[in-house]
Amino acid sequence: MTAAENVCYTLINVPMDSEPPSEISLKNDLEKGDVKSKTEALKKVIIMILNGEKLPGLLMTIIRFVLPLQDHTIKKLLLVFWEIVPKTTPDGRLLHEMILVCDAYRKDLQHPNEFIRGSTLRFLCKLKEAELLEPLMPAIRACLEHRHSYVRRNAVLAIYTIYRNFEHLIPDAPELIHDFLVNEKDASCKRNAFMMLIHADQDRALDYLSTCIDQVQTFGDILQLVIVELIYKVCHANPSERARFIRCIYNLLQSSSPAVKYEAAGTLVTLSSAPTAIKDLVMDILRVLSTPDLEVRKKTLQLALDLVSSRNVEELVIVLKKEVIKTNNVSEHEDTDKYRQLLVRTLHSCSVRFPDMAANVIPVLMEFLSDNNEAAAADVLEFVREAIQRFDNLRMLIVEKMLEVFHAIKSVKIYRGALWILGEYCSTKEDIQSVMTEIRRSLGEIPIVESEIKKEAGELKPEEEITVGPVQKLVTEMGTYATQSALSSSRPTKKEEDRPPLRGFLLDGDFFVAASLATTLTKIALRYVALVQEKKKQNSFVAEAMLLMATILHLGKSSLPKKPITDDDVDRISLCLKVLSECSPLMNDIFNKECRQSLSHMLSAKLEEEKLSQKKESEKRNVTVQPDDPISFMQLTAKNEMNCKEDQFQLSLLAAMGNTQRKEAADPLASKLNKVTQLTGFSDPVYAEAYVHVNQYDIVLDVLVVNQTSDTLQNCTLELATLGDLKLVEKPSPLTLAPHDFANIKANVKVASTENGIIFGNIVYDVSGAASDRNCVVLSDIHIDIMDYIQPATCTDAEFRQMWAEFEWENKVTVNTNMIDLNDYLQHILKSTNMKCLTPEKALSGYCGFMAANLYARSIFGEDALANVSIEKPIHQGPDAAVTGHIRIRAKSQGMALSLGDKINLSQKKTSI
């Protein structure tokens with residue numbers, strides 16, 4: 001093994017601008033200098049040896065004049081020196097001078113200062129020469145009985161390392177350490193001793209654990225972690241031992257150390273399929289919900305949903321219900337509303353997967369229909385609508401709770417949905433009467449126009465003005481634009497605050513809810529006629545329903561509302577009046593049967609779409625087992641043949657060391673070459689190229705610099721600068737290049753946000769022996785691609801529209817492509833931008849010459865990117881006409897919107913394949 005291939009334990013930063021001292025001056029300082037001079041000289045010797053210098057003449061000088069000193073700093077430096085200095089002759093024999101050094105080691109192992117003893121023991125772990133270690137074994141053994149724990153635990157490590165490398169020097173090490181472990185009281189010493197037994201003699205480690213398995217909870221956390229590792233290794237190699245140690249793992253779940261609980265939980269799930277193990281794990285995970293970070297809470301709820309089963313869903317629902325109630329008691333905050341939405345959706349998913357839980361969840365959630373946060377209330381309403389359709393046994397409960405909270409609903413959108421549910425699922429005479437009572441209560445005194453004129457006569461104050469808010473452009477599910485304006489009163493009167501909710505909606509000019517009300521009244525009136533046989537009661541109920549519709553039409557045509565009724569709403573209410581006046585069987589079927597079937601079809605289509613999406617996701621995953629792979633049965637496998645299952649501890653260690661191997665990277669060299677950027681020309685005196693490795697928040701530039709001249713280039717420096725939200729971590733150090741020599745320079749760049757960045761710079765150098773100024777070679781720019789940070793994501797239509805309205809930066813990109821197929825162009829954009837299409841495939845299927853789709857992606861920094869694609873194929877220009885249209889991109893930051901637009905502009909010009 002050459003000096004360059006030796007294992008290096010010590011890294012020392014060396015200033016490059018200092019001149020190396022001569023061997024004569026160093027020898028003089030080491031012989032005749034004071035302690036401070038000798039310390040500085042020894043440091044310089046260490047640095048020179050690390051840089052590859054050979055200083056054999058100083059070895060005896062250091063042994064004679066430095067080794068006998070008792071200064072602690074010098075002793076610490078000497079340990080570094082003896083570690084790196086060559087200890088053998090070129091033919092591999094030990095130097096004679098090392099005998100003197102060995103005697104010095106022995107004296108340090110018997111030194112009264114525990115720091116010197118412990119440091120020497122740690123140093124001995126790094127020695128690879130058995131001839132040096134053999135005379136020291138009695139002194140090392142004696143250190144196991146030292147009064148100080150620092151010495152004892154380092155003595156254990158030294159014995160373990162020597163036993164592993166040179167077993168013949170201490171063959172009884174496992175027995176020695178076992179006896180030491182039995183009598184030892186210090187936690188760190190016991191941990192080191194137990195760890196050695198795990199790797200050196202596992203049977204002895206199990207024997208010791210068996211004697212104290214009931215006291216494991218009283219041990220320190222560092223020892224408990226090693227015990228978990230041992231149990232995992234034993235049960236992994238011999239599954240029959242699981243029953244012996246599973247109780248110990250259960251006990252460690254109650255440890256006060258989060259690290260021990262985490263490792264014990266992971267081991268329990270790996271080794272046990274018992275439902276109680278998963279149950280405990282889910283309940284432990286839910287404790288993370290106490291954190292205020294919304295993203296952590298979201299991940300926690302997703303993980304809990306993945307782990308939930310029929311055995312532990314009840315406990316999960318109880319915890320989530322408590323969390324929902326907590327959100328109602330805390331002060332309103334943006335994250336509180338979003339957290340409430342997450343809880344509602346999680347409970348929704350639990351109820352759909354486990355219908356038995358729906359009865360416990362619905363009463364709690366329906367209280368939030370009257371919540372001020374419309375988004376959370378909308379999620380509850382969607383859940384209730386699906387539950388009442390799927391679970392027939394819960395319809396009476398849902399209708400009852402809906403009637404209780406109906407009068408307290410504050411949002412017109414939620415009010416419309418509640419009206420539809422009540423009109424569709426009230427099936428008894430009593431429920432229908434209750435719905436009519438609630439509607440009359442919410443509408444107030446009728447006729448509305450006359451009662452309002454009486455109330456407002458002489459009471460409207462002149463300084464009260466109605467203002468129209470700014471107009472907002474919203475995108476609908478079809479990708480088209482709709483205009484929305486907000487009406488607000490500068491100073492609402494007490495009468496406006498005391499108005500019944502439905503009456504307030506109508507006077508504010510929202511007559512869409514009136515159209516929904518007309519449909520609901522028509523449904524319950526037709527159903528009431530079918531249930532009640534008395535003509536008088538039938539006519540009375542139908543007349544009351546028609547009176548309510550007529551008074552709403554009258555209000556809409558008057559000047560009292562802030563906005564007049566629209567023609568669509570007039571047509572809808574008039575149609576309902578006509579249906580009630582005729583009461584034909586055909587209309588009865590349409591209103592009372594077809595509407596419910598439409599909901600059933602929609603829910604079925606939604607379920608199919610989710611299954612199709614899950615199927616696509618599973619198809620994307622790599623095949624880990626081939627059909628013709630042999631099947632390994634764990635029960636029939638010998639202990640030494642357990643290679644088929646990977647050791648999780650070993651995988652964790654490899655991941656921490658960065659040695660994980662990716663199976664999908666079949667040709668790593670080819671993938672690396674794709675990321676190489678040429679920075680200079682082949683005719684430049686210095687040729688440079690960079691391998692750009694993007695690792696989330698870091699960019700590593702590995703720059704190859706080649707001296708193409710016959711001169712020595714001194715102080716060759718890579719100077720870099722950045723444009724965009726990039727930051728150079730440290731300036732690369734200068735180096736010297738021999739003629740036709742090459743070197744690699746690494747530079748780290750931090751990334752702070754998602755936008756296109758540019759790294760530029762130059763290489764400057766001096767020519768050895770030339771009197772001219774510094775030479776400079778300008779480098780080509782390195783463009784950092786935004787696609788390295790963008791990942792496909794998903795969101796609901798409501799969330800998409802909300803973000804579209806909130807985001808202020810929009811970039812409109814004109815479609816300029818030679819593609820002739822709309823769907824091919826959309827797929828090309830999705831592939832080029834890493835965005836996900838939110839528009840269902842069924843909505844995009846077929847051919848009409850026009851396509852609209854919503855796209856969504858999320859960066860690793862948590863930034864959202866939205867896009868609306870509106871494209872068409874001009875049929876009048878023939879079948880070969882190119883796709884035209886626009887793509888609108890919206891983001892919270894300007895850089896994100898512009899960078900994504902630039903990416904689309906570059907990619908859409910490519911020819912479709």
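Is N715 buried, exposed or partly exposed? N715 is partly exposed, with a relative accessible area of 40%, where buried means under 20% relative accessible area, exposed over 50% and partly exposed in between (1.4 Å probe, protein chains only). The legends below describe a predicted model, in which local features need pLDDT of at least 70 and side-chain atom pairs count only at pLDDT 80 or more, while totals for chains, interfaces and linings use all residues. Residues are numbered from 1 along each chain as its sequence is written, and side-chain values use heavy atoms, with hydrogens and water left out.

**View 1. Helix α4 beside helix α6.** The axes of α4 (residues 72-84) and α6 (residues 114-124) come within 11 Å and cross at roughly 10°; helices are DSSP runs (H or I, at least four residues), strands likewise (E, at least two), both numbered from the N terminus. The axes are lines fitted to C-alpha atoms, for helices over the stretch in contact, with angles from 0 to 180 degrees between N-to-C directions. The two helices, α4 and α6, are therefore roughly parallel to each other, a term for angles under 35 degrees. H72, K75, L79, W82 and E83 of α4 make the contact with I116, S119, T120 and F123 of α6, contact meaning heavy atoms within 4.5 Å.

**View 2. The buried residues of α4.** In this helix, I74, K75, L77, L78, L79, F81, W82 and E83 are buried, and the buried residues of α4 pack against α2 (35-50), α3 (59-65), α5 (98-109) and α6.

View 3. I446 and P447 are joined by a cis peptide bond, with omega at about -5°, and P447 is found in the loop between α24 (429-443) and α25 (448-456). Most peptide bonds are trans.

**View 4. Two asparagines with positive phi.** Most residues other than glycine have a negative phi. N715, although not a glycine, has a positive phi of about 50° and lies in strand β8 (residues 713-723). N834 also has a positive phi, near 60°, and is found in the loop between α35 (822-833) and β17 (836-837); with a relative accessible area of 26%, N834 is partly exposed.

View 5. The structure holds 0 disulfides, a disulfide being a pair of cysteine sulfur atoms within 2.5 Å. C189 counts as buried because its relative accessibility is 0%, whereas C776, at 45% relative accessibility, counts as partly exposed.

Key: Angles under 35 degrees count as roughly parallel, over 145 as roughly antiparallel, 65 to 115 as roughly perpendicular and the rest as oblique.
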